[in-house]
Amino acid sequence: MVPGRYSKMKPQAVYDIELVSSTQSIKHEFWPLDAIDPDQAKFPCCLVWTPLPVVSWLAPFIGHVGICREDGATLDFAGSNFVNTNDFAFGSVARYHQLDREKCCFPTSLAAHKCNQGYKHSQYGTAITWDDGLQSSTRYFEHKSYNLFTCNSHSFVANCLNRLCYNGSMSWNMINVAALILFKGHWVNGMSIVRSFLPFILVGCLGIAMVGWPFLIGLPSLFLLLVGWFVMGTYCIKSLLEF
């Protein structure tokens, strides 16, 4: 190789390496999120929950969930072929839990996965940003039929988290999504607690007054049946539920 030609190529190679490094750095930087603002119904990168009519009156820990974009707008699977945007179904948010985008995997190529499930993640469907992952799941669920027992709002949120490979996991399902918001969720205010549990208390008092103490046996039995169904569908008959 001619010495003069090498001296011209070397700076160009260094420049290319620095450019690639700079581009990769930019792609993995996150723009700052706005503060959570319940008054404006803005919950950036949060899981959100609200009680369901009738169902939550009998089992107050079961409700409707959604996930929020980076701008705080809520997305929730509210009916067949329909994902609600910025209009949370069944009432305002009662509980929320903010997720950490640093725990997501946003690969720019198959070799750029930071999770340990690169091939499986690529097959399932990846995302390059938080909102991109949510948008992909939204398009997928716009062709799904809603069913409270097999394909509901928890299914949609689980699909989003699997697409983001949140916390390095692609095993998100109805059960662990519900557990995450149940054990780590924050109440929006005192009124949220009241509207979540007051109907259950009233139904319990009315049931005891009309039926007697056997009602207190029937109510937990119903709750256990519901939980048993979702546990069986999630871990035993995996093709039964959608997520």
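Helices (H or I, at least four residues) and strands (E, at least two) are DSSP runs, numbered from the N terminus. The model is predicted, so local features need pLDDT of at least 70 and side-chain atom pairs count only at pLDDT 80 or more, while totals for chains, interfaces and linings use all residues. Residues are numbered from 1 along each chain as its sequence is written, and side-chain values use heavy atoms, with hydrogens and water left out.

**The chain**

- The chain has 8 helices and 6 strands.
- Their order from the N terminus is α-β-α-β-β-β-β-α-α-α-α-β-α-α.
- Of the 243 residues in the chain, 38% are buried; buried means under 20% relative accessible area, exposed over 50%, and partly exposed in between, with a 1.4 Å probe and protein chains only.
- Contact means heavy atoms within 4.5 Å. Among contacts between residues at least 6 apart in sequence, 64% join residues at least 24 apart.
- The accessible surface is about 13,400 Å², and 63% of this surface belongs to carbon and sulfur atoms. Accessible areas come from the Shrake-Rupley method with a 1.4 Å probe, and for residues only the protein chains shown count as cover.

- L198 is placed in helix α7 (residues 190-210) and is partly exposed, at 42% relative accessible area.
- The C-alpha atoms of L198 and W57 are 8.2 Å apart, although 141 residues separate the two along the chain.
- S137 belongs to helix α4 (residues 130-141) and is buried, with a relative accessible area of 0%.
- Apart from neighbours within four places in sequence, S137 is in contact with F156, N159, C160 and R163.

**Cysteines**

- A disulfide is a covalent bond between the sulfur atoms of two cysteines. The rule used here asks for a pair of cysteine sulfur atoms within 2.5 Å.
- The count by this rule is 0 disulfides. C45 is in none, and the nearest cysteine sulfur, that of C46, is 7.4 Å away.
- The closest cysteine sulfur to that of C46 is in C68, and because the two are 5.8 Å apart, they are too far for a bond.
- C45 is buried at 0% relative accessibility, and C46 is buried with a relative accessible area of 0%.

**Cavity and pockets**

- On a 1 Å grid over the protein atoms alone, a cavity is a set of points where a 1.4 Å probe fits but cannot get out; a pocket is an open set with protein on both sides within 12 Å along at least five of seven lines; lining residues have an atom within 4 Å of a point.
- Grid points are joined across faces, edges and corners, and a volume is the space filled by probe spheres set on the points.
- The whole structure holds 1 cavity of 30 Å³ or more, and the volume of the largest cavity is about 50 Å³.
- The largest cavity is lined by W49, P60, F61, R95, I181, L182, W187 and F197.
- The largest pocket contains about 500 Å³ of space. Among its 26 lining residues, F61, I62, A178, V227 and F230 are the closest to its centre.
- At least two residues of that lining come from each of α2 (55-58), β2 (63-68), α5 (153-164), α6 (174-184) and α8 (214-236).
- The second largest pocket contains about 190 Å³ of space, and of its 14 lining residues the closest to its centre are P38, A41, F43, S92 and V93.
- Helix α7 gives the most to the lining of the second largest pocket, with 3 residues.
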